[in-house]
Amino acid sequence: MLGERIRTLRKQRKMTLEALAGEKLTKGMLSQIENNKARPSMESLEYIAERLGVDISELLEKVSIVELRKVLEEAEKIHEEFRIYFKHSEETIEQCSKLTALIEPYISNLNESYESARLLEIYSRSLFCLNKKEWTLYCDKAALIYDLLNLTANRANIAFFRGINFYLEHRYQDALQCYLEERHHIETTHIKIDPMTKVTMDYHIAALYSAIGDIKATSEAVESALEYSRKEKLYYKIDDIYKLATVVALLVGDEEKFHYYLKKLKQYGEFVEDKIFEELCDVIYVEYLLHVKGEYHQAMPIIDQYLTFDENTQKVTGDNWNMLQKGKAMYFAKAYSEALHILKTIYVPKHTNHPVDQAIYFTKDIFIALCYKELNNIDKARDYAKIAYDCYFPLPDSIFKTLCNETYKNICLS
């Protein structure tokens, strides 16, 4: 209401009724206006707006920009605390329910400001998490405002979000098509694309091409991002780009590119002095040693440095991926029972959606089948070979899928 907006603005400026009333209004009249018991004339409104230091349109808006900024500030705090909308946990649902309850009263009164677009975007993401189909409506409204304001980075985030719906359903071709269309729209309608946004778009395109197994297009997108980054002296997302390129080279067995990108990834890790990169490079290299070179002896000490041996329980523990590699290495060492014990503890992380990551984790079932075969439990070997085959069937070709098919053929079809 008009009265409440005037009162809110007055109090924010620490003005008394007398101070705002000035010489042209009485304290009593201003009090009636603030309590919505009297309607001010246009002349009085212009006077009040001038005294408050705002445009008269802000007083006449259904929701003032000041009020919107306050709501957005509160929404951003919740959003900052819980950024991931794609994990449908109880905590996610609780946070998204808070956001929708906060923003919903303002939805019908939003204008074409940045604040409105951002609220629409957060509202849309929250509805998506809550499985509400109308999320697309508010996503479209946010995108339109970002286009009008030429806010390219924000518009690119909308593009990614639109594609994620297909991606989470493992509809990778649809996700890629959506994102290509979105990028074309941004490139043809926005005045200029900032360097970080361009690199981000190239990275997402490369990741989606890799998801459908188009290695040539993946390489072209990666090289485009890297070339542009070098030209602009920009290091944003370089780690993600090198990681993607390294793993894709591993999956297709391109040893030359694998070593090249792994070296670059190591150099980046040394540059930022981050120990995480050292472990990441080691873990990827171990996959290469096990699956490409067949050198489990060389892989074993690299794996063991990231595992812990409990003398009381006589058990080895460690990260899920490292334990997976330990199980595979034990198989190659012909310690089949020990390998089986480890491999049966491995799980595919719940939110593993990219085929590259899935291809790595699905190897657990291949090696469980191989262990059972060596232990002469053919029924179990067939069960797990079939599980692995079904998992890899929809995935793009890779060295892991080839191993799966060979295992399935040798165990189930021989």
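Modeller: Start with what the buried residues of H13 pack against: helix H12 (195-211), helix H14 (238-251) and helix H15 (255-272). Bear in mind that this is a predicted model.

Colleague: Which residues of H13 are the buried ones?

Modeller: Ala217, Thr218, Ala221, Val222, Ala225, Leu226, Tyr228 and Ser229.

Colleague: How do you know that they line one face of the helix?

Modeller: Look down the axis of H13: the buried residues fall within an arc of 165°, so they line one face. On the other side of H13, you'll find Lys216, Glu227 and Lys231 exposed.

Colleague: And how do you know that the span of H13 agrees with what it should be?

Modeller: H13 covers residues 215-232, which is 18 residues. The expected span is 1.5 Å times one less than the number of residues, so H13 should span 26 Å, and its end C-alpha atoms are 26 Å apart, which agrees.

Colleague: What follows H13?

Modeller: Lys233, with a positive phi, near 55°.

Colleague: Over to Ile346, then. Why is Ile346 called buried?

Modeller: Buried means under 20% relative accessible area. Ile346 has 6%, so it counts as buried.

Colleague: Where is Ile346 found, and what does it touch beyond residues up to four places away in sequence?

Modeller: Ile346 is in the loop between helix H19 (336-343) and helix H20 (355-361). Leaving out those sequence neighbours, Ile346 touches Asn320, Met323, Leu324 and Lys364. As for Phe362, it is 16 residues from Ile346 along the chain, and their C-alpha atoms are separated by 9.8 Å.

Conventions
Residues numbered from 1 in each chain as written. Predicted model: local features only at pLDDT ≥ 70, side-chain atom pairs only at ≥ 80, totals over all residues. Heavy atoms only, no water. Helix = DSSP H or I, 4+ residues; strand = E, 2+ residues; numbered from the N terminus. Buried < 20%, exposed > 50% of the residue type's maximum accessible area, 1.4 Å probe, protein only. Contact = heavy atoms within 4.5 Å. Arc of directions from axis to C-beta.
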